[in-house]
Amino acid sequence: MSKQLLLGDEAIAQAALDAGLSGVYAYPGTPSTEITEYIQMAPITSERNIHCRWSVNEKTAMESALGMSFAGKRALVCMKHVGMNVAADCFINAAITGVKGGLIVLAADDPSMHSSQNEQDSRFYGDFSLIPMYEPCNQQEAYDMVYNGFEFSEKIGEPLLVRMVTRLAHSRSGVECKPTKPQNNLSFSEDPRQFILLPGNARKRYKTLLARQEEFIKASEESSYNKYTDGPNKKLGIVACGIGYNYLMENYPEGCEYPVLKIGQYPLPKKQLLQLVESCDEILVLEDGQPFVEKHLKGYLGIGIKVKGRLDGTLSQDGELTPDSVAKAVGKENKSLFTIPSVVAMRPPALCEGCGHRDMYVTLTQVLKEEYPTHKVFSDIGCYTLGASAPFNAIDSCVDMGASITMAKGAADAGLHPSIAVIGDSTFTHSGMTGLLDCVNENTPLTIIISDNETTAMTGGQDSAGTGRIEAICLGLGVDPTHIRVVVPLKKNHEEMKQIIREEIEYRGVSVIIPRRECIQTLSRKKRSK
């Protein structure tokens with residue numbers, strides 16, 4: 001066995017490779033991106049012909065991984081927390097079909113919204129789908145959970161959800177690696193109807209899933225990832241989930257005075273929880289994210305033992321858990337040695353100098369503000385979302401992947417003119433194409449700007465599924481070819497771009513403008529590599 005210094009994401013990836021992985025499926029999204037990138041760069045990936053190409057979106061990733069599991073091989077599907085919303089249709093139903101080859105779904109949550117639009121907690125998805133979950137407290141545990149998780153998934157015949165958070169995904173620690181296992185051979189379920197969710201069969205499989213819940217609870221009670229440690233002071237009992245256990249132990253390097261139940265595997269272990277509740281006057285729940293465990297313990301009416309946490313204000317309802325917030329919650333003096341100097345101000349990200357999105361926004365806002373005072377611009381998830389900031393102040397919405405086109409359609413249906421959608425090339429192929437088809441079917445009067453920088457730039461320059469295909473996709477979806485306009489967003493083309501924007505706004509139907517110029521960062525990297 002070898003020891004390596006790994007990010008949490010890298011520990012996940014290395015564990016999957018060591019466990020006999022046959023394929024990883026993912027769409028880039030911080031803080032999960034480095035998992036797939038690590039697998040793509042690993043020599044064993046090409047040696048073993050492990051699938052590692054990016055998927056178009058999280059739904060296709062989840063479905064492809066389930067297909068690999070159907071064929072008896074081990075698959076990993078990775079996404080950030082909002083990607084779980086996109087993958088949810090297949091994810092929930094995969095709990096009912098079950099799996100053949102081991103299937104791990106890695107959800108990387110982002111408490112404090114470092115690079116996200118919400119603080120969603122993926123544990124609710126695992127609870128909703130009635131499958132077991134893992135939540136590591138450190139990089140070694142992340143490795144062990146994934147390495148052993150594939151076998152556990154095959155043993156119980158269900159997908160396994162592993163939940164990470166940003167601080168664990170993007171921090172490093174020494175990780176002891178285990179021997180590399182061979183890949184599974186091609187094999188199929190003994191039940192030929194396992195994956196056919198016609199209502200009659202689905203009802204039977206759902207009853208089976210419900211009947212196995214006690215089995216899953218027993219597995220949690222016997223899990224090495226759930227550990228009860230007694231303490232002499234019974235005034236308080238602490239439930240510490242995932243990375244929350246690390247933060248607690250930072251405050252008690254010599255050992256905690258209170259009884260502590262460390263949670264790393266779900267569903268919650270009833271036996272250990274009852275032991276804690278029966279021994280202590282009050283319970284404090286430390287969990288990074290939303291009050292998932294706290295709600296389970298309080299129940300609807302909150303009658304019985306006092307449970308403290310995020311719901312009663314002991315901990316903040318938003319933002320990350322930290323060693324300092326844990327210290328305050330257990331009544332310890334905050335001994336933080338460092339504070340942020342007042343001279344240091346938060347600096348939000350900005351569009352890079354030389355970025356094609358800049359020239360696109362400069363031209364678009366000039367036309368709209370001077371000539372169309374009633375305009376609204378609906379944007380999307382990507383670098384170009386930064387058009388919301390000064391000096392552009394160019395967009396009016398950013399909700400979820402693909403929503404720019406469909407929100408612009410809805411506003412146009414309501415009578416707004418001009419209604420403009422701004423979307424990137426990668427986001428367009430992720431979830432914008434179906435919205436465009438809705439627009440084409442009704443010939444909705446709106447202008448769609450697909451700002452094409454030929455990469456998935458916001459997450460580090462991964463391949464974009466639409467590179468070289470955007471016009472063909474629009475034509476295939478039925479956009480009038482005379483209203484698919486390609487421009488190069490440069491200052492020298494400013495007047496040409498203004499004229500094209502005017503013409504397409506005046507056209508009372510679906511029009512697509514494609515400003516295309518390679519991302520300045522990927523271009524710079526290419527030049528340096530040469």
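## Model confidence

The protein chain has an average pLDDT of 91, and 99% of the residues score at least 70. The structure is a predicted model. Among the elements of the protein chain, the lowest mean pLDDT, 82, belongs to helix α20 (residues 520-529), and the highest, 98, to strand β5 (residues 133-134).

## Packing of α15 and α19

Two packed helices are described by the angle between their axes and the distance between the axes. For helix α15 (residues 356-371) and helix α19 (residues 494-506), the axes come within 10 Å and cross at roughly 55°. The two helices are therefore oblique to each other, and α15 passes α19 in a right-handed crossing.

On the α15 side, the contact is made by D359, M360, V362, T363, L364, Q366, V367, L368 and E371. These residues meet H494, M497, K498, I501, R502 and I505 in α19. By class, the contact of α15 with α19 comprises eight nonpolar, three polar and four charged residues.

## Packing of α16 and α17

Helix α16 (residues 403-413) packs with α17 at an angle of about 25°, and their axes are 8 Å apart. Because angles under 35 degrees count as roughly parallel, α16 and α17 are assigned to that class.

From α16, the residues I405, T406, K409 and D413 take part; their partners in α17 are F428, G432, G435, L436, D438, C439 and E442. The residues of the contact of α16 with α17 divide into four nonpolar, three polar and four charged.

## The loop between α17 and β16

The loop between α17 (425-442) and β16 (446-451) holds T444. T444 has a relative accessibility of 2% and therefore counts as buried. Apart from neighbours within four places in sequence, T444 is in contact with K409, A412, D413, D438, C439, G509 and V510. Among these residues, K409 and D413 also belong to the α16 side of the contact with α17, and D438 and C439 to the α17 side.

N443 is also placed in the loop between α17 and β16. At 42% relative accessibility, N443 counts as partly exposed. The phi of N443 is near 45°, a positive value in a residue other than glycine.

## Backbone exceptions

Most residues other than glycine have a negative phi, and most peptide bonds are trans. M113 lies in the loop between β4 (103-109) and α6 (123-129). With a relative accessible area of 38%, M113 is partly exposed.

Cis peptide bonds include the one from Y266 to P267, with omega near 5°. P267 is in the loop between β11 (265-266) and α12 (270-279). The peptide bond from H417 to P418 is likewise cis, with omega near 0°. P418 is located in the loop between α16 and β15 (419-424).

## N233 and its surroundings

Leaving aside neighbours within four places in sequence, N233 is in contact with E257, Y258 and P259. C-alpha to C-alpha, N233 and I520 are 59 Å apart in space, and 287 residues separate them in sequence.

Note on methods. Residues are numbered from 1 along each chain as its sequence is written. This is a predicted model: local features need pLDDT of at least 70, side-chain atom pairs count only at pLDDT 80 or more; totals for chains, interfaces and linings use all residues. Side-chain values use heavy atoms; hydrogens and water are left out. Axes are lines fitted to C-alpha atoms, for helices over the stretch in contact, and angles run from 0 to 180 degrees between N-to-C directions. Helices (H or I, at least four residues) and strands (E, at least two) are DSSP runs, numbered from the N terminus. Angles under 35 degrees count as roughly parallel, over 145 as roughly antiparallel, 65 to 115 as roughly perpendicular and the rest as oblique. A crossing is left-handed if the near helix is turned anticlockwise from the far one by less than a right angle, and right-handed if clockwise. Contact means heavy atoms within 4.5 Å. Ala, Val, Leu, Ile, Met, Phe, Trp, Tyr, Cys and Pro count as nonpolar, Asp, Glu, Lys and Arg as charged, and the others, Gly among them, as polar. pLDDT is the predictor's confidence in each residue, from 0 to 100. Buried means under 20% relative accessible area, exposed over 50%, partly exposed in between (1.4 Å probe, protein chains only).
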